Every structure is written in C-alpha cells, then in structure tokens.
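Me: Could you take me through how to read strand pairing and salt bridges in a model of this kind?

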Amino acid sequence: MKKKELLFIALLLAVLLVLGGAVLHVAGIYRKTGLALIEEREGLFDYNGKFLLNSSSDTAYFFRSIGRAGYEEAEKKSIDLSEFGFEGKTFEYYEYVPENQEAATESTLYAVGAGGEGFWPVCKKSKFVYVAEDGKKYRIHPKEKLCYPMFSDSVEGVDPYGIEVLAFSANGAFAVSLSGKTVTVYHTDPMDDSLRVVDVKSVSLPDWGEDAEFGAFVGNTQAYFILRSGDRYRFAAVDCAEGKSALSLSDPEGEYGSVVSRMFARRWDAPDKKEKKPFAWSHLLLGTERVFYGLENPETAELFAVSPAGNYAVVRLEADEKSSIVICNEKRGVDLSSALQEGEKAESIWFVHENVVAVSVLKADGTHLLRTYKICF
C-alpha cells in the first residue's frame with residue numbers, strides 16, 4: 001500500500017475517533033442533564049396552550065414536531081368587519097398552515113381574544129365564526145362578502161345566533177352550551193360544513209357537585225365539565241354523539257390540588273410506598289395516576305405543569321428560601337438548573353409537545369429569552 005493511501009487511512013481513522021468522541025461526549029451530557037436544547041430565541045413569551053406569543057411583536061410560534069423539530073412563525077392578521085355591519089370592529093387571528101398539511105385542507109384561523117378559543121375548529125380561511133360583544137355569533141365568508149347568524153336554517157327551537165354556545169368539537173360536528181347542570185348538545189349537519197343544526201339533545205350532568213362549569217372538548221365527540229362542591233370537585237364527561245354523561249374515573253374520596261394543564265391535579269393522599277412518601281399527579285377525567293418517588297420532601301412540592309398525555313410533570317420545590325424546578329416522569333427527575341447558566345432564572349415553563357418544554361428564562365442582565373428542550377428520558 002502506498003504511503004499516500006496509508007496517510008489518508010490514518011487521517012480518516014483520526015477524524016472518526018474525534019467525531020466518535022464528540023458524539024459520546026454529547027450523549028453523556030444528555031444522559032446527565034436529561035435535556036437536549038432544540039433552540040434558543042430572545043424575548044419574553046407566553047403560551048396559551050396552542051402557540052407561543054412574543055410580548056413585543058404580533059408573531060405567534062407554533063411548535064412543529066414532525067421532521068426537524070422547531071417553531072413555525074405566524075404573523076397576526078385582521079379582517080375589517082365594517083362592511084359586514086360591525087363598524088370599527090376587526091376579526092384578528094393567526095393563520096397556521098402546518099408543513100405536512102395536505103394541499104386540499106384549509107388552514108385554521110386562530111382567533112385572538114377572550115372567547116375565541118372554543119370556535120377555533122370552525123374558523124377557516126374561507127369562512128369563520130365571529131363572536132360579537134353581545135354574545136351573538138355570526139358566520140362570515142370574507143371572499144363572498146356574506147354574513148349571517150351562525151345557526152341559520154337550523155331545526156326549530158335553536159337560537160340562530162347561538163348566544164349560549166361555548167365551544168365546538170375538534171371537527172365541528174358538535175357544539176355545547178351549559179345552563180345550571182344541564183348541557184345542550186347541538187349536532188351540526190354531517191353532510192356539509194354549514195353549521196346548520198340538525199339535532200339537539202339535553203344531557204343532565206351527574207348529581208355530584210353544586211356548581212358546574214365547562215372544561216373543554218376532548219376530540220370529536222366528548223366534552224368534559226367540572227363539578228364543584230365546596231373545595232372538592234370531580235370531572236364529568238359528556239358523549240355528544242350518544243347524548244349521555246358519566247362521572248370521571250378519578251377517586252371521589254381522593255384529595256386533589258388545583259387543576260393544572262386543564263385536566264391534571266396533584267393527588268395529596270397517594271399511598272405511601274417504599275417507605276418514602278410519593279409525589280403523584282392524576283388525570284381527573286380518566287382517573288389514571290402517575291407516581292414519582294424521587295423527591296426528598298414532596299410535601300413542599302407544587303405541581304406546576306403536566307404534559308398532554310400525562311407522562312411528564314414539572315414540579316416546583318421551595319426549600320431553604322430557594323426554589324428549584326424539577327422535570328420528571330415516574331422513574332426519573334432532573335433539576336432544570338442543570339441546563340441554566342449562572343445568574344439565570346426560569347420564570348415559566350410549558351409543554352409545547354409531549355416530551356418538549358419551552359422555558360422562559362430571565363437572564364442576569366434583566367433580559368428574557370426562550371429556550372426549548374427535548375426531554376431525553
């Protein structure tokens with residue numbers, strides 16, 4: 001073998017050894033910290049459960065998990081509603097078109113403002129629902145210049161303006177309203193997307209709790225409601241297709257903390273096992289429970305956030321006038337401070353995906369930045 005070939009092979013082996021060492025070093029860091037940085041961007045952000053908003057701009061950031069993980073930007077837009085009879089009013093929204101979305105599928109318009117979230121499923125580019133100040137809802141076709149009551153041409157007895165309607169299901173097939181502990185279910189025409197109501201059902205919530213409030217839709221057919229009785233509460237599910245309700249599977253005698261991430265709460269009276277008091281969080285609708293034994297003083301811990309499927313939780317600890325944030329699943333927990341630099345403080349943390357957290361960080365110089373991490377355990 002010639003000297004040049006031997007030199008080339010030696011150099012190639014050296015490069016491979018260096019790269020291999022680098023990979024092992026990075027893998028070791030990930031195993032140690034449990035967090036892998038996806039990206040970092042400057043600014044102060046807030047999360048509304050669907051997208052991040054920058055307080056100093058009109059840009060929304062939707063997390064993309066398919067392909068290369070990261071954020072897709074969407075600028076806030078508005079439609080002047082004066083020509084539809086709403087002088088001086090605008091419909092403000094963020095339009096999001098995922099990269100993997102089929103070309104034939106319309107993009108969703110995410111309306112800005114209180115009360116808009118429940119109508120996201122029926123707000124598309126070609127037609128959307130506008131909630132007026134008096135509670136009346138209108139269906140607007142911006143291109144055709146059409147505006148009419150949301151439930152026009154519905155079966156007898158249905159308020160065409162849907163004043164009491166709270167939200168639509170994920171595919172727009174059902175809508176609900178609540179009066180006392182009676183839920184009214186509106187079934188929209190399955191043959192088109194007109195929102196014309198073809199059937200109405202009244203569903204009584206279970207007799208548990210003195211007060212009831214709407215929680216959210218879960219998918220295409222089910223909605224959940226929160227039943228309260230003093231300091232105690234349970235969730236009830238309504239199957240809109242069947243017109244039936246049922247109490248959640250959570251323990252009616254269980255002691256729970258306040259609701260976080262919409263459907264989770266800390267279980268205070270979790271069984272004491274392995275001679276160590278556990279930290280547990282429960283899905284209040286399904287009754288499922290996760291238990292983490294890795295906290296030395298769980299009584300001082302606060303459940304801060306839970307991932308959408310409940311596999312991970314964020315726990316805030318207060319001890320010796322110091323606070324720390326732990327990200328955990330049932331088997332392992334990592335202190336977020338291991339991923340922060342000196343003088344930095346995590347002010348807020350949100351799950352933007354099942355195993356991805358966005359952290360609003362206050363730097364030592366008083367400025368903010370957003371770091372997004374993948375949980376590697």
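Reply: What follows treats a sheet and then some salt bridges. This is a predicted model, in which local features need pLDDT of at least 70 and side-chain atom pairs count only at pLDDT 80 or more, while totals for chains, interfaces and linings use all residues. Residues are numbered from 1 along each chain as its sequence is written, and side-chain values use heavy atoms, with hydrogens and water left out.

Me: What is the order of the open sheet of four strands?

Reply: Strands are DSSP runs (E, at least two residues), numbered from the N terminus, and two of them pair if DSSP finds at least two bridges between them. Here the order is 1-28-27-26, with antiparallel pairing, and strand 1 (35-42) and strand 26 (345-353) are the edge strands, each pairing on one side only. Within the sheet, strand 27 (residues 356-362) and strand 28 (residues 368-375) pair over seven bridges, with Ala 358 opposite Thr 372.

Me: How many salt bridges does a search of the whole structure find?

Reply: A salt bridge is a side-chain nitrogen of Lys or Arg within 4 Å of a carboxyl oxygen of Asp or Glu, and the search finds 21. One of them joins Arg 267 and Glu 289, with the closest N and O atoms 3.1 Å apart; this pair links strand 19 (residues 264-267) to strand 21 (residues 289-292), 22 residues apart.

Me: Is Arg 267 buried or exposed?

Reply: Buried means under 20% relative accessible area, exposed over 50%, and partly exposed in between (1.4 Å probe, protein chains only). Arg 267, at 12%, therefore counts as buried, whereas Glu 289, at 28%, is partly exposed. Salt bridges that share partners join Asp 251, Arg 267, Asp 269 and Glu 289 into one network.
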